[in-house]
Structure formats: structure tokens, C-alpha cells
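I opened this notebook page to record what I looked up in one structure. The entries follow the order in which I worked.

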Amino acid sequence: MYRLVLVGFFCVSSIFSAEVFAQAKKGDKNFAILDIKQVDEDFHFQGEYYGLIGTDCSWCGSCTIGLQVVARGDGNFVASLYNGGLPGNGWDRSERRELTGTREGDVLTLKGEELLLHVKRGGRVDVHDLAGHLLGQISKYQRTSLTLGAKPPVNATVLFDGSSADQFKDGKITDEGLLDVGTEFKNKYRSFRLHLEFRLPYMPYATGQARSNSGVYLQSRYEVQVLDSFGLEGVENECGGLYKQKRADVNMCFPPLSWQTYDIAFVAPRFDSAGKKTKNAFITVLHNGIPIHQDYSIIAKTGGGKQEGPELFPIKLQNHSNPVRFRNIWIVDLSDQPDPVYCHPCPSLLCDR
């Protein structure tokens with residue numbers, strides 16, 4: 001069996017043009033901000049928080065907690081509280097606690113079944129029990145992917161570095177020098193290692209599949225979902241999920257307007273001379289440097305992907321009518337290796353040993 005130890009249509013017709021997002025007003029689900037200089041006040045409260053609370057706390061044994069705060073527009077928020085730390089950084093995988101709240105001026109008040117939190121504009125959170133006793137304070141914490149800016153190894157092909165979209169069919173470079181959605185790789189790959197970085201727009205009024213949706217379609221068949229599911233449960237159709245087939249082992253989605261990374265190792269399925277599948281495809285995915293799928297056997301095509309077969313099709317960056325952006329894309333072609341071997345990522349690049 002292949003061992004993947006890398007520790008990372010599909011162009012749907014666009015329903016809305018870029019002009020729709022540019023013209024959408026606050027309150028509209030299509031309202032999208034791509035420039036951090038244009039964000040609203042709610043954006044400054046959204047994000048991740050981490051710290052210790054008092055030793056007399058009965059909610060968690062370690063008293064280390066992580067908090068993810070999600071803006072829902074017009075001062076409304078939802079949040080998730082984690083015992084032990086943040087997903088991928090200390091969370092003990094126990095039950096995720098949900099909170100809701102509203103912002104008034106420079107203070108956001110969040111309430112759950114056991115705790116009351118006051119999130120301040122400067123990045124401090126006062127944690128109280130429901131009786132009003134102060135248990136402690138935690139602070140805002142901005143994480144960066146372990147593989148952000150990863151440099152291509154010598155055997156890689158650089159597909160996009162901001163200078164040209166020649167490696168993509170109908171590829172478009174934005175005014176920021178980023179790659180737009182709705183394109184596909186010109187070359188086709190059977191087995192490979194792929195690195196790419198993506199940025200989700202800030203869409204506070206959108207929910208579900210309307211919130212910063214895109215996808216990386218491997219062989220145009222298997223979708224690794226791209227979606228703003230920051231602070232959510234992380235199910236099969238949310239960020240990092242193999243669309244409607246397998247949820248990510250942990251939801252590693254960062255807040256919108258943060259640069260995020262996928263590092264994907266993919267071994268193609270095998271077919272006999274009659275076109276019958278004899279072995280499933282295998283995949284390992286790192287999301288922001290944390291493994292979310294490891295040696296997973298993909299049982300079938302996902303969602304709107306092409307049917308499985310021996311014919312090769314290109315990798316696609318799905319246009320789901322949301323302005324997701326990409327950069328730093330490179331690939332190592334392993335198509336001529338019958339039993340590819342992968343390694344853990346080095347600090348500077350993903351390398352073969």
C-alpha cells in the first residue's frame with residue numbers, strides 16, 4: 001500500500017460577476033471585502049484568542065482555553081470555545097462549546113451555557129462564570145501556517161509566483177498580483193505533491209456554502225473544499241473536507257483575509273486494461289501545516305467531479321462565484337514513480353529524503 005506521510009468544475013459557471021460583489025451593500029450575502037483596509041468594526045473582534053483562566057475553574061481541567069470568534073454582520077457574532085487551546089494547537093478534541101453575542105461599541109459580549117465573555121476592542125477577553133465572577137483573561141492570537149511561503153524544491157515546477165498565469169487555462173491575475181478563481185492547470189498530473197496558498201474574502205452576512213466558496217479539484221474529480229468555515233464544526237462540505245465524503249480530522253480554517261496553505265500529496269487510482277478500478281486513490285492533506293487527512297483512500301469522485309477513470313484531467317481551482325484568491329503554487333510531478341515516498345515538511349520546503 002502507498003504510504004503518504006507528507007505533513008497538505010470544477011469551474012462552476014459564475015452566477016455573480018465581480019461587479020456584483022463590488023456593488024453589494026452591507027446586509028447582502030454577496031457583500032465581500034478583499035482589502036483589510038476596508039473592513040468594518042466587527043472584523044477587529046473576529047479571530048482567535050488563547051490563554052489561561054483561574055485554577056478554580058470547573059469548566060476545564062487544564063484551565064487553558066482557545067476561543068474562535070466569528071462575525072455575522074451588524075454586530076452579531078457566534079463563537080467556539082475549546083478546552084486546552086486552539087484546533088491544531090492544544091485543543092484536546094473534547095466537545096466544542098458554542099456561544100453567541102452582540103457588540104456594543106468597543107465591547108463584544110458572548111454568552112454560553114457556563115461562561116460569559118467580554119471581548120474588548122484591543123484584543124483582551126475577560127472570562128466570567130454566569131454568576132459574574134472573573135475567572136481570568138485571555139488574549140488575541142494570530143497564527144501563521146507552518147508552510148506559508150514554502151519554497152519549491154529543485155524538482156518542482158513553479159506554476160504561479162505572481163508574474164504570469166501562463167501555466168493556467170484562462171488564468172487571470174488580479175490587480176494585487178494574485179490568481180483568480182475559475183481556472184485549471186494546463187498540464188495534467190497523475191501523482192504529485194502540490195503546494196498552494198489561498199485567501200478567503202471577508203463575507204460576514206453569508207453563511208454555509210455561500211461564504212467564500214471555492215475548491216481544489218484534483219484530476220477534476222476529487223475536491224478539497226475551500227470555504228470560510230472558521231470557528232465552525234468542520235464537516236464534510238466545509239474547509240479542508242473531501243467534499244461530502246470525509247471531514248477534516250481537525251478544522252484548521254483561519255479567519256478570512258488570512259493567508260492559508262494546502263499541502264497535498266496525491267497518488268492516483270489504478271485501473272486494469274478494461275478500465276476497471278483496481279486500487280483507490282490515496283491522499284494526505286496539510287491545512288496550514290497541520291495534517292487533516294492522512295493516507296486516506298478516496299472511495300469515489302466527490303460532488304460535481306468527473307467520474308473516475310484512467311484518463312487524466314487537469315487540476316481545477318473552482319469558481320463558485322466568491323472572490324477567493326491564490327498565490328505561491330508549485331507542484332512536484334510524481335507520475336513516473338510507481339510507489340512514491342513522501343516526507344515530513346522541512347522548515348523551508350517539502351522535501352524528499
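**Entry 1: confidence.** I noted at the outset that this is a predicted model. I looked up the mean pLDDT of the protein chain and found 89, with 87% of the residues reaching 70 or more. I then marked residues 1–20, where the pLDDT is below 50. In the model this stretch has 73 contacts beyond near neighbours in sequence.

Entry 2: I traced a closed barrel of eight strands in the order 1-2-3-4-5-6-7-8, paired antiparallel. Neighbouring strands in this sheet are turned by 25 degrees against each other on average, with direction ignored. I asked myself which strands pair with strand 8. Strand 1 (residues 47–52) pairs with strand 8 (residues 134–140) in the antiparallel sense over two bridges, and I found Tyr-49 opposite Lys-140 in strand 8. Strand 7 (residues 124–129) is joined to strand 8 by five bridges, also antiparallel, with Val-127 standing opposite Gly-136. Strands 7 and 8 form a hairpin with four residues between them, and Gly-132 in this hairpin takes a positive phi near 95 degrees.

I also checked strand 3 (residues 76–83) against strand 4 (residues 97–104): six bridges join them, and they run antiparallel. The bridge partner of Asn-76 in strand 4 is Thr-102.

Entry 3: I turned next to a sheet of five strands, which is open and has the order 10-12-21-14-15 with antiparallel pairing. Strand 10 (168–169) and strand 15 (222–226) stand at its edges with a single partner strand each, so one side of each has no neighbour in the sheet. Further in, I looked up strand 12 (residues 183–185) and strand 21 (residues 316–317), which pair antiparallel over two bridges. Thr-183 stands opposite Leu-317 in strand 21.

**Entry 4: a pocket.** I asked which residues lie nearest the centre of the second largest pocket. They are Gln-46, Lys-140, Gln-142, Pro-255 and Ser-258, out of 15 lining residues. I recorded about 290 Å³ of space in this pocket. By class, its lining has seven nonpolar, five polar and three charged residues.

Key
Residues are numbered from 1 along each chain as its sequence is written. This is a predicted model: local features need pLDDT of at least 70, side-chain atom pairs count only at pLDDT 80 or more; totals for chains, interfaces and linings use all residues. Side-chain values use heavy atoms; hydrogens and water are left out. Two strands pair if DSSP finds at least two bridges between them. Axes are lines fitted to C-alpha atoms, for helices over the stretch in contact, and angles run from 0 to 180 degrees between N-to-C directions. pLDDT is the predictor's confidence in each residue, from 0 to 100. Contact means heavy atoms within 4.5 Å. On a 1 Å grid over the protein atoms alone, a cavity is a set of points where a 1.4 Å probe fits but cannot get out, and a pocket is an open set with protein on both sides within 12 Å along at least five of seven lines; lining residues have an atom within 4 Å of a point. Grid points are joined across faces, edges and corners, and a volume is the space filled by probe spheres set on the points. Ala, Val, Leu, Ile, Met, Phe, Trp, Tyr, Cys and Pro count as nonpolar, Asp, Glu, Lys and Arg as charged, and the others, Gly among them, as polar.
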